[in-house]
Amino acid sequence: RMFHDDELEESEKFYVGQPRVLLLIYALYNTLVARSEMVCYFVIILNHMISASMITLVLPILIFLWAMLSVPRPSKRFWMTAIVYTEVAIVIKYFFQFGFFPWNKHVDYTKDKPYHPPNIIGIEKKEGYVHYDLVQLLALFFHRSILKCHGLWDEDEKGDSSSNKEDTDDELSLTGGRRGSSASLKSVNLAASVESIHVHFPEQQTAIRRKSSSSISQLSHRSSFSSHRSKRGKCHGISGIRRTNCKLCAIKSHCGLCCFRTLQVYMPIRQFFYNLIHPDYSAVTDVYVLMFLADTVDFIIIVFGFWAFGKHSAAADITSSLSEDQVPEAFLVMVLIQFGTMVVDRALYLKKTVMGKVIFQVILVFGIHFWMFFILPGVTERKFSQNTVAQLWYFVKCVYFGLSAYQIRCGYPTRVLGNFLTKSYNYVNLFLFQGFRLVPFLTELRAVMDWVWTDTTLSLSSWICVEDIYAHIFILKCWRESEKRYPQPRGQKKKKVVKYGMGGMIIVLLICIVWFPLLFMSLIKSVAGITNKPLDVSITITLGGYQPIFTMSAQQNQLKSLDPSEFNDFLRSYRGNTAALQFLEGYAREDITRADLEGNSNSLWTISPPSRNKMIQGLTDFDADFTLVISWTIQRTLEEVYPYYIKAPSDSLAKPIKQLLKDCKWENITVSLVKNASEEWWVLNQLGKRHKTSHESLELFIFSDKVSPPSLGFLAGYGIMGLYASVVLVIGKFVREFFSGISHSIMFEELPNVDRILKLCTDIFLVRETGELELEEDLYAKLIFLYRSPETMIKWTREKT
């Protein structure tokens with residue numbers, strides 16, 4: 001070896017011999033050191049998410065619009081700004097913790113009010129008010145120490161002094177001219193102030209330097225003239241006219257100073273964004289896929305946590321809301337805004353316009369922060385720090401902002417060829433690409449947007465044709481590559497692993513689809529079902545259509561559940577009845593409710609005398625039929641009329657349980673009319689009660705069917721036949737299309753080698769990106785001719801020999 005050091009070799013052996021836990025700690029520390037600026041960004045964003053105030057809002061905005069856009073790294077000025085700002089914020093928060101401030105006297109009352117001014121500013125009194133600020137300051141100092149260790153802390157100042165030496169000389173001469181004159185900056189007029197600002201653009205350095213030198217001489221001339229005039233006025237006195245002129249000059253000088261200071265702030269910002277849009281060197285990258293994934297995650301958070309972005313919707317459920325044909329306004333607004341930003345981002349990516357991306361980044365950063373921390377708390381009536389879903393959405397959006405800043409800093413790729421899932425030919429890309437194409441309207445929307453924002457001579461139908469051919473050829477290429485990796489020798493039967501693996505999986509899948517409704521409806525209530533106990537049980541008895549003779553209801557403590565001993569006795573009473581036992585298997589003890597109804601009617605009998613006489617005649621005439629109605633029509637006699645067991649299904653129609661009624665006989669009840677001096681009412685009593693009571697009463701057992709959870713009610717509501725019609729038949733249609741009509745696609749499916757066709761599609765994408773639109777038309781015509789000519793297709797897709 002050319003270089004050998006025993007000490008370094010011993011150090012390496014010592015390091016390798018350390019425990020793995022210690023090596024892991026070393027690796028984590030090295031990762032922390034290598035990405036210390038990301039640690040600072042994370043702590044700053046975390047501090048803002050928890051504090052959510054105007055004091056902590058400044059640094060996150062500076063991160064996304066300054067630090068992450070700086071090339072090659074954030075400058076020393078940014079880190080000093082962050083450190084000083086954090087220190088000032090800590091002092092301000094500490095100062096306002098004293099109790100003599102008026103808003104600190106009612107902290108418990110105002111701490112949860114989102115629009116309370118101290119809460120918005122961030123100066124409210126609270127426990128641990130400065131913890132995260134101290135962690136933020138510690139992270140910033142840690143990063144500064146790392147930059148100093150690597151000699152990067154003062155690198156920006158050295159680079160500026162060496163690269164802009166001539167500009168510095170010009171500025172020094174200008175400063176010397178200003179110091180040499182006896183006049184101060186107040187004597188500099190507006191024109192001199194504007195011209196004295198040096199802004200060096202790459203393509204205009206010579207002209208601006210000439211202008212700078214001329215402005216120096218002009219400034220020196222005007223400064224000496226003003227100095228001479230001021231001396232003369234001081235020695236000889238000033239007349240009224242001269243005093244007026246001096247006032248005007250002072251006003252002009254004051255305006256010039258204000259404009260000068262404004263330009264001192266404006267021109268560096270303008271120069272920063274100009275250099276960002278027109279870089280000397282560009283390390284082109286493509287992180288659109290990661291930005292799209294971040295937006296997709298935010299989209300999912302909105303769908304499943306939309307209640308966090310609306311008012312009085314903390315307990316809302318999107319599935320139950322949609323099943324009731326209700327679209328929450330907060331959900332609709334958030335979805336449209338998120339989808340709109342995704343479309344705009346796609347358009348900027350296809351147009352490759354960095355300036356548009358910068359403008360979009362600035363608008364989005366200010367808009368999202370203003371909406372999340374000033375509008376949303378008022379809408380939801382709770383602070384942002386108390387809204388976990390909104391915090392998660394904001395954190396993912398910050399990841400998107402960071403990726404967008406990285407994309408702006410590096411520049412867009414010069415060529416966008418195909419889908420990001422088609423870069424490799426393996427099973428993972430194959431299944432992901434096919435899943436991407438199965439999403440409704442996603443493929444069509446992407447194709448139309450690409451056609452709108454890409455320079456091309458093809459019509460929309462031709463564009464879609466090329467995209468479809470490319471997708472089809474890519475799928476075939478993946479299958480051909482898999483056949484090369486796992487070749488099948490000629491004359492050898494398929495292995496059992498392949499047959500039982502693929503075939504068995506398809507068989508199980510088809511069986512599950514066929515029997516899915518029965519399995520779903522069986523398990524949805526037995527496994528995930530919720531007990532639905534009755535809240536009110538009412539009995540109404542009517543004789544022959546006359547005034548009801550008995551009305552009674554049971555609520556609350558009159559509705560009782562069976563204890564274990566009563567439930568076991570109940571089951572033993574039907575030991576020999578097979579039909580009853582089969583029915584009882586579907587019910588547990590908590591599904592049964594015993595209703596104790598008072599035998600005395602809760603209302604007086606207010607029948608008219610003529611109707612009373614007619615009813616008496618009908619009851620005494622045994623040759624005529626007389627009906628007794630207990631929610632259903634039965635014979636007029638009172639024997640076997642009372643349904644002891646009632647089934648309360650998930651719908652609104654309650655039915656008697658015939659399996660539990662011995663020999664299909666119902667219970668007997670006695671009916672008697674009790675008269676008072678001027679009032680009368682009916683009294684009913686059940687004869688065969690399980691729980692013997694001394695007073696007249698009725699006893700009723702209610703079996704409540706379990707109902708599906710609210711989140712699955714929209715699916716279970718279709719029933720078994722509805723699920724078969726809406727799910728199984730639809731899936732069966734797609735499966736049938738896969739197994740039938742194969743013969744019509746043989747000439748396009750059975751292609752041994754698709755490399756040449758794939759290369760032709762890629763060439764179309766390439767010439768389109770380079771602007772060779774005439775060549776794009778020629779290659780497209782060649783592709784169409786290839787699919788129209790089976791003989792040419794056979795020649796193009798032969799295996800290479």
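Modeller: A charge sits over a ring if NZ of Lys or CZ of Arg is within 6 Å of the ring centre and within 35 degrees of the ring normal. The model here is predicted.

Colleague: What makes lysine 477 count as lying over the face of tyrosine 425?

Modeller: Lysine 477 is at 5.6 Å from the ring centre of tyrosine 425. The distance limit is 6 Å, so that value passes. Arginine 756 is treated in the same way: its charged end sits over the ring of tryptophan 796, 4.3 Å from the centre.

Colleague: Why is the pair of tyrosine 349 and tyrosine 412 called edge-to-face?

Modeller: Their ring centres are 6.1 Å apart, with 65° between the planes.

Colleague: How do you know whether tyrosine 349 is buried or exposed?

Modeller: Its relative accessible area is 5%. Buried means under 20%, so tyrosine 349 is buried. Tyrosine 412, with 8%, is buried as well.

Colleague: What makes phenylalanine 433 and phenylalanine 474 an edge-to-face pair?

Modeller: Their ring centres are 5.1 Å apart and their planes are at 75°, so the pair is edge-to-face. This pair links distant parts of the chain, with phenylalanine 433 in helix 19 and phenylalanine 474 in helix 21, 41 residues apart. Phenylalanine 433 counts as buried at 4% relative accessibility, and phenylalanine 474 is buried at 1%.

Colleague: How many aromatic pairs does the structure hold?

Modeller: The structure holds 28 aromatic pairs. Tyr41, Trp66, Phe78 and Trp79 form one aromatic cluster.

Colleague: Which residues touch the most other members of the largest nonpolar core?

Modeller: That core has 67 residues, and those touching the most other members are Phe64, Trp79, Phe309, Met372, Phe384, Trp393 and Tyr394. Helix 18 gives the largest share, 11 residues.

Colleague: Why is this core placed between domain 1 and domain 2?

Modeller: Domain 1 (12–150) and domain 2 (282–409) both give residues to the core, so it lies between them.

Colleague: Which residues does tryptophan 393 touch?

Modeller: Leaving out residues up to four places away in sequence, the contacts of tryptophan 393 include Phe309, Met334, Trp371 and Met372. A second, separate core has 24 residues, among them Ile607, Tyr642, Leu698 and Ile702.

Technical notes:
Residues are numbered from 1 along each chain as its sequence is written. This is a predicted model: local features need pLDDT of at least 70, side-chain atom pairs count only at pLDDT 80 or more; totals for chains, interfaces and linings use all residues. Side-chain values use heavy atoms; hydrogens and water are left out. A nonpolar core is a set of buried Ala, Val, Leu, Ile, Met, Phe, Trp, Tyr and Cys residues joined through side-chain atoms within 4.5 Å. Buried means under 20% relative accessible area, exposed over 50%, partly exposed in between (1.4 Å probe, protein chains only). Helices (H or I, at least four residues) and strands (E, at least two) are DSSP runs, numbered from the N terminus. Domain bounds come from an automatic or database domain assignment. Contact means heavy atoms within 4.5 Å. Rings of Phe, Tyr and Trp (its six-membered ring) pair if their centres lie within 6.5 Å; planes under 30 degrees apart count as stacked, over 60 as edge-to-face and the rest as tilted.
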